[in-house]
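Thanks for making the time this morning.

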Amino acid sequence: MENKLLVFLEAIQQHNSMTKAAQSLFISQPYISRTIKSAETHFGTPLIDRGHHPLELTYAGERLLTYLQSDARLHQRMNTELKEISQNKYQSMTIGITPPMANAWFSQTLPAFYQRFPNIRTKILEITTLKAETLLASHQLDFFIGKTIHQTNVKTIPLQDEFTIEVQQVRKK
């Protein structure tokens with residue numbers, strides 16, 4: 001009903017008439033009228049000022065229309081994003097970092113990272129090295145920035161060397 005109500009309220013607002021709104025949508029005027037009346041019963045307030053000519057939405061009708069339009073835009077963004085995710089247009093990774101490293105490192109690094117990799121969605125967790133060991137072992141963490149972890153399945157790379165190389169490459173472009 002919300003999608004129909006959105007379309008009907010927009011048409012009434014545009015044409016200032018239920019009859020003209022119905023004609024523009026190629027449906028019957030009684031159908032629009034019943035749908036509006038049902039919504040008015042549901043919300044307990046008039047949505048259209050039937051005593052005013054040309055026809056106008058009441059304040060409640062205008063507010064409902066605003067909410068329905070916002071909801072439609074949000075729904076469209078959700079569909080677009082989920083479609084892109086399903087088509088692997090976005091990759092994601094989870095990064096763990098100790099709080100001291102986050103303070104010193106992220107403010108300088110993240111902008112360059114997002115500029116270079118705009119389609120990578122990141123989840124950043126401020127965690128201890130002990131928690132990072134657990135999350136890395138269970139594959140819930142892709143990277144950890146902090147103290148060296150001594151596990152056979154974890155590869156350690158010195159951050160300063162890698163970071164310096166990456167920043168220099170980004171700045172040259």
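Before anything else, pLDDT is the predictor's confidence in each residue, on a scale from 0 to 100, and we need it here since this is a predicted model. The protein chain has an average pLDDT of 83, and 87% of the residues score at least 70. There is a stretch to treat with caution, namely residues 162-173, over which pLDDT stays under 50 and for which the model has nine contacts beyond four places in sequence. Where pLDDT is low, the predicted coordinates should not be read in detail.

Let me move to the helices, starting with α1, which covers residues 2-15, and its packing on α2, where the axes lie 8 Å apart at an angle of about 120 degrees. The two helices α1 and α2 are therefore oblique to each other, and their crossing is right-handed. On the α1 side the residues involved are Val7, Phe8, Ala11, Ile12 and His15, and they meet Met18, Lys20, Ala21, Ser24 and Leu25 of α2. Sorted by class, this contact of α1 with α2 comprises seven nonpolar residues, two polar and one charged.

Next comes α2, residues 18-25, against α3, residues 29-43, with axes that come within 8 Å and cross at roughly 110 degrees, which makes α2 roughly perpendicular to α3. Here too we have a right-handed crossing, as α2 passes α3. From α2, Met18, Thr19, Ala21, Ala22 and Leu25 meet Gln29, Ile32 and Ser33 in α3, and this contact has five nonpolar and three polar residues, with no charged ones.

The remaining pairing I want to show is α1 with α3, whose axes come within 10 Å and cross at roughly 110 degrees, so that these helices are roughly perpendicular to each other, although the crossing of α1 and α3 is left-handed. Lys4, Leu5, Phe8, Leu9 and Ile12 in α1 meet Tyr31, Ile32, Thr35, Ile36, Ala39 and Phe43 in α3, a contact made up by class of nine nonpolar residues, one polar and one charged.

Leaving aside residues up to four places away in sequence, Thr58 touches Pro46, Leu47, Ile48 and Asp49.

Conventions. Residues are numbered from 1 along each chain as its sequence is written. This is a predicted model: local features need pLDDT of at least 70, side-chain atom pairs count only at pLDDT 80 or more; totals for chains, interfaces and linings use all residues. Side-chain values use heavy atoms; hydrogens and water are left out. Contact means heavy atoms within 4.5 Å. Axes are lines fitted to C-alpha atoms, for helices over the stretch in contact, and angles run from 0 to 180 degrees between N-to-C directions. Helices (H or I, at least four residues) and strands (E, at least two) are DSSP runs, numbered from the N terminus. Angles under 35 degrees count as roughly parallel, over 145 as roughly antiparallel, 65 to 115 as roughly perpendicular and the rest as oblique. A crossing is left-handed if the near helix is turned anticlockwise from the far one by less than a right angle, and right-handed if clockwise. Ala, Val, Leu, Ile, Met, Phe, Trp, Tyr, Cys and Pro count as nonpolar, Asp, Glu, Lys and Arg as charged, and the others, Gly among them, as polar.
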